[in-house]
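User: I am new to reading protein models, and I would like to go through one slowly with you. Could we take the features one at a time, with the general idea before the particular case?

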Amino acid sequence: MSTGTTLVYNGVILRECETQAFDQIVEYDESKTDVLFSRFRIRVISTIVGYTSNLQPERGIQVGASVGSIRGSIADQIRAVHQRLSTARKDFYFFIDDAPSPRSVAPTNASELSSDILLVAAGFDQSKPPNQQRFQMHPTIANPATETDAFRFMDPDNGPKPIDVSVEQIFGGRTMRVSFEIEVCRVMCDGQGSGSIPAGYTAGELIGRPRQILSNRWSLSETRDENWALTRTLEGTLRVASKAIKPHLMRYFVLPTLPRGFQRVSQTFATDPTDVVLKYSIQDRQADDAPPPPAIKWQGHYAEIGTGAGASKQLSELTVRLEGPPKVNKQDLIAAAGRVVNARIKGLRSQLVPKDPQDPESGLKLVPSKVIILDTAVVEILGQPAIEMRIRVNSTAADTELFDRMKTMGAPIDIAGYHPDVWPTPAPFQANSIAGLFECYLQDPCSIWHSVPRPAFNKPYPSAGGSLPPIDKGCDENADGYCNGTDATLRQQRINQSPAPVLYQGTEPFENYETNLSEEQLETEKPYTHYNIVCSYDIDHGLIQLPYARESSEEKSCFITRLHGGMAKRTVDIEATRRDEVPVLPKPQDELYHPPSGSGITERLQSSELDFLNPEFTGNGVSRLHRVAAKYTYLLDRVPSYDEQFRLVITPFDASGEETRAIDGTKLFDDQVGEWKQPTESPGEEQTP
């Protein structure tokens, strides 16, 4: 048995080393506050050079002319030593041991080792994923009992890194003198960690202690603008423990929770060329109410307008623009805008209420909304994940409700599940990241990965540990490696292979209320585009005005007398336009009777007039607009009183029923409206001039 200093790197064993340098430098983080790791620079010279025999359990260190698995001349051995000692990121051992003698069998488990270890470091095997990186506790044994997790011993600075390899002298054509210098970095902890843990906690429960992260240093700045809005900027540097860990995969460790009332303005992540450092910057700004999901940004205006005496004319206007994340479903944005409209403009919805509040079995009736929609518009912003909705309504409520609605301005919008102070937060990853696309390519000329990926998206890439399974696209492959099918099918397959964000599933912006439009107008391909009806009553009370032949002592200049009894006629004027079909007109009737009011008035047709306009082509050059006009004149057999009903003519697509075909005079006229007064005394009997 012999005792000496041994260095083993990438299977090359340097025995009985002369240690010329063993320097240690402590590396701090950017803040120069905390220790990251220790950087060791070691230089040794050794004449006894051997190889591990493919790490087979039954064979140990082999020294001599035929060393390990390398057989041949001294030139072959020099080339082999130089190649192995020049490769970066391989397992490193430096220890003083009671080592096995040449050509003997090494111990088979860790309990039999009696090594005095100075320094070890695990390399990185590119053929294995990070969670399968293993490290042999002894360089000459390939036994699972002596393996451990490589992360405990990984070099945090992409090492170990050979610096100098020199064959200084050859003895007798069989033995060589090798000078070797290497840089090794290690996190030197005592195994217990610094500081004390509060009672009742463990280190895992307290901070999690993610072993993939070596350090995370950050700074926070706060700025208030002229509007007193606060902007917080978080900037930091995260360093992972090994090249086996991708810094971009650690984003979720550095993303803070978004405070209530703040909007995430930006988040930036960037790695440096070492691929072990992640620079990040996250900016949050104080903001007003958050948009309803799935929108991430919104703007618009809401106005209540009152004109006339006592604000008798009331107009409400609302415009809302919603923007969502990329590829958002615009139908969900429209639904969210509809909920904003319904929530802000009160009384917009019709309601179903019991016909008799005292009788639950009486059924339901539809109570119309208190507002009249003047116009609406939904605008799709092409090329952007945005929509805009506009609406103008005329309110029929009491004038005091205008001020009640104004009092709601500034209040949170009442939408189920909506929280105005909670802004949406982007996830650490929202699409397939290209961070690892060139992770292994064109970096190490000795690696099998030193190549450029092939363009066929369904072809497997080479793997040192075997072939990756091909991408399952659910279709037959042609000679070019693509699916047989349409471009739309290929595009959909690529989309299906990418993770899609989970979006808020909205409902329709407006509920499907009952309508008084006929099915012919709603479902036909030949709708009416214009239909206007004016029903006029021309009442002649039989009075005539005659001038006096001489001046009257009563200072009247004319004489009013009744010539005949009252006469009345009703005129109906109709204008109608329909697409691709002649409009339907009400057929003139020779005689009409008034049954609704029980007045017994009979109408007889005096005249009818029909006008036909030439059809016009629409913008598509195919459809045509047919236009007609009509005028019917009916004579009434007596003058209707102002307390009776006045006949109306409704459009052919009005399915509201008979109750809408007349106007009740008792509701139309009122003595108390306006300044007209009935005379308190009769002016006397009519006189004959």
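User: How many aromatic pairs does the structure hold?

Analyst: Please keep in mind that this is a predicted model. As a general idea, a pair of aromatic rings is described by the distance of the centres and the angle of the planes. The structure holds ten aromatic pairs, and one of them joins F135 and F153, a tilted pair with 5.1 Å from centre to centre and 35° between the planes. This pair links distant parts of the chain, since F135 belongs to strand 9 while F153 sits in the loop between strand 10 and strand 11, 18 residues apart.

User: Are F135 and F153 buried or exposed?

Analyst: Both F135 and F153 are buried.

User: Which residues have the most contacts inside the largest nonpolar core?

Analyst: They are F135, L238 and Y280, in a core of 27 residues. Two or more residues of this core come from each of strand 7, strand 14 and strand 16, and strand 16 gives the most, namely four residues. If we set aside neighbours within four places in sequence, L238 touches several residues, including I213, M250, V254 and Y280.

User: In what order do the five strands of the open sheet come?

Analyst: The general idea is that strands of a sheet pair through backbone hydrogen bonds, either parallel or antiparallel. Here the order is 23-26-29-28-27, and the pairing is antiparallel. Strand 23 and strand 27 stand at the edges with a single partner strand each, so one side of each is left without a neighbour in the sheet. On average, neighbouring strands of the sheet are turned by 25° against each other, direction ignored. Strand 27 is joined to strand 28 by three bridges, and L592 has E603 in strand 28 as its bridge partner.

User: Where in the chain is confidence lowest, and where is it highest?

Analyst: Confidence is lowest in strand 6, with a mean pLDDT of 37, and highest in strand 16, at 93. The chain averages 75, and 68% of the residues score at least 70. The pLDDT is below 50 over residues 455-513, a stretch that has 81 contacts in the model beyond near neighbours in sequence.

Note on methods:
Residues numbered from 1 in each chain as written. Predicted model: local features only at pLDDT ≥ 70, side-chain atom pairs only at ≥ 80, totals over all residues. Heavy atoms only, no water. Core = buried A, V, L, I, M, F, W, Y, C linked by side-chain atoms within 4.5 Å. Buried < 20%, exposed > 50% of the residue type's maximum accessible area, 1.4 Å probe, protein only. Contact = heavy atoms within 4.5 Å. Pairing = 2+ DSSP bridges. Axes fitted to C-alpha atoms, helices over the stretch in contact; angles between N-to-C directions. pLDDT = per-residue confidence, 0-100. Phe/Tyr/Trp six-rings, centres within 6.5 Å; stacked < 30°, edge-to-face > 60°.
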